[in-house]
Amino acid sequence: MTLAFRETGPRTGVPVVLLHALGSKSGTWDDFAVRLDRRVLAVDLPGHGDSAHLEKYSLDAMADEVADLLGDRADLVGHSMGGRVAVLLAQRLPGRVRRLVVEDNPPPPDSAKEPLVPTVEPSGPLPFDWRLIDPIMTELRTPDPAWWERLAAITAPTLLISGGPSSHVAHESLERMRGLIPDCRLVTIDGAGHRVHSARPAEFAAVAGEFLGAT
């Protein structure tokens, strides 16, 4: 196991595994975790926080690392890049993901986009491995028709949460996801922007917590 994670709440029951966005870490979920009366595993994804760095970064590699935490069954919550990782896991391991919450996830674009990667590494210490930015940003902005096709393989009841028009994630893309995942609904928290769980913690917790339910 190369992942660092924070475990809170009861030590028994189906865990809720929380996956953060690019450049973030497990602490971003502290407020949400204490609002859940559930066993929670908040993960530092590879190359972030206290988790090990990888020789080669990809969303698939991150999903491989997280898969070991799921056990026989888990609920998954992922924000942005973490949402992409959560979707990959739900596609690949449908029997082990009980419920899926995806917060303002940017799906693959229909046409290639230039990666938004700074050319100069910022000075000073970073809470993540700078080497992951280029490959992950490139992957996030590269078309992948198979990703859309595999959404039909998700068997877990799924909740998509949008931050509304102030987010850079197009609502139309999330509507397209909603239509392709067999058991899925989309909720918009207007004015929250991309970081819904941070900007509107109470509203996010109410929506996601009700959906996740008890163990």
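This is a predicted model: local features need pLDDT of at least 70, side-chain atom pairs count only at pLDDT 80 or more; totals for chains, interfaces and linings use all residues.
1. **Helix H4.** Helix H4 spans residues 133–140. Ile133, Ile136, Met137 and Leu140 are its buried residues to look at. They cover an arc of only 95 degrees around the axis, so they sit on the same side of H4.

2. **Partners of H4.** What do the buried residues of H4 pack against? They pack against two helices, H2 (59–67) and H3 (81–92).

3. **Main core.** The largest nonpolar core has 48 residues. Val17, Leu19, Leu70, Leu76, Leu89, Leu100 and Met177 touch the most other members. Helix H3 supplies the largest share of this core, 7 residues. As background, nonpolar side chains tend to be buried together in soluble globular proteins.

4. **Leu76.** Leaving aside neighbours within four places in sequence, Leu76 is in contact with Val17, Leu19, Leu70, Ala86, Leu89, Val97, Arg99, Leu100 and Val101.

5. **Arg39 and Glu7.** The structure holds 12 salt bridges. In one of them, the side chains of Arg39 and Glu7 meet at 2.8 Å, N to O. This pair links distant parts of the chain, 32 residues apart. Arg39 is in the loop between helix H1 (30–35) and strand S3 (40–44), while Glu7 is in strand S1 (residues 4–8). Arg39 is partly exposed, at 22% relative accessible area. Glu7 is partly exposed too, at 28%. Arg11 joins Glu7 and Arg39 in a network of salt bridges.

6. **Asp110 and Arg176.** These side chains meet in a salt bridge at 2.9 Å, N to O. The two residues are 66 apart and link distant parts of the chain. Asp110 is in the loop between strand S5 (97–103) and H4, and Arg176 is in helix H6 (residues 171–180). Asp110 counts as exposed, at 65% relative accessibility. Arg176 counts as partly exposed, at 36%.

7. **Asp129 and Arg131.** Which residue forms a salt bridge with Asp129? Arg131 does, with the closest N and O atoms 2.9 Å apart. Asp129 is buried because its relative accessible area, 8%, falls under 20%. Arg131 is partly exposed, at 45%.

Technical notes. Residues are numbered from 1 along each chain as its sequence is written. Side-chain values use heavy atoms; hydrogens and water are left out. Buried means under 20% relative accessible area, exposed over 50%, partly exposed in between (1.4 Å probe, protein chains only). Helices (H or I, at least four residues) and strands (E, at least two) are DSSP runs, numbered from the N terminus. The arc is that of the directions from the helix axis to the C-beta atoms. Contact means heavy atoms within 4.5 Å. A nonpolar core is a set of buried Ala, Val, Leu, Ile, Met, Phe, Trp, Tyr and Cys residues joined through side-chain atoms within 4.5 Å. A salt bridge is a side-chain nitrogen of Lys or Arg within 4 Å of a carboxyl oxygen of Asp or Glu.
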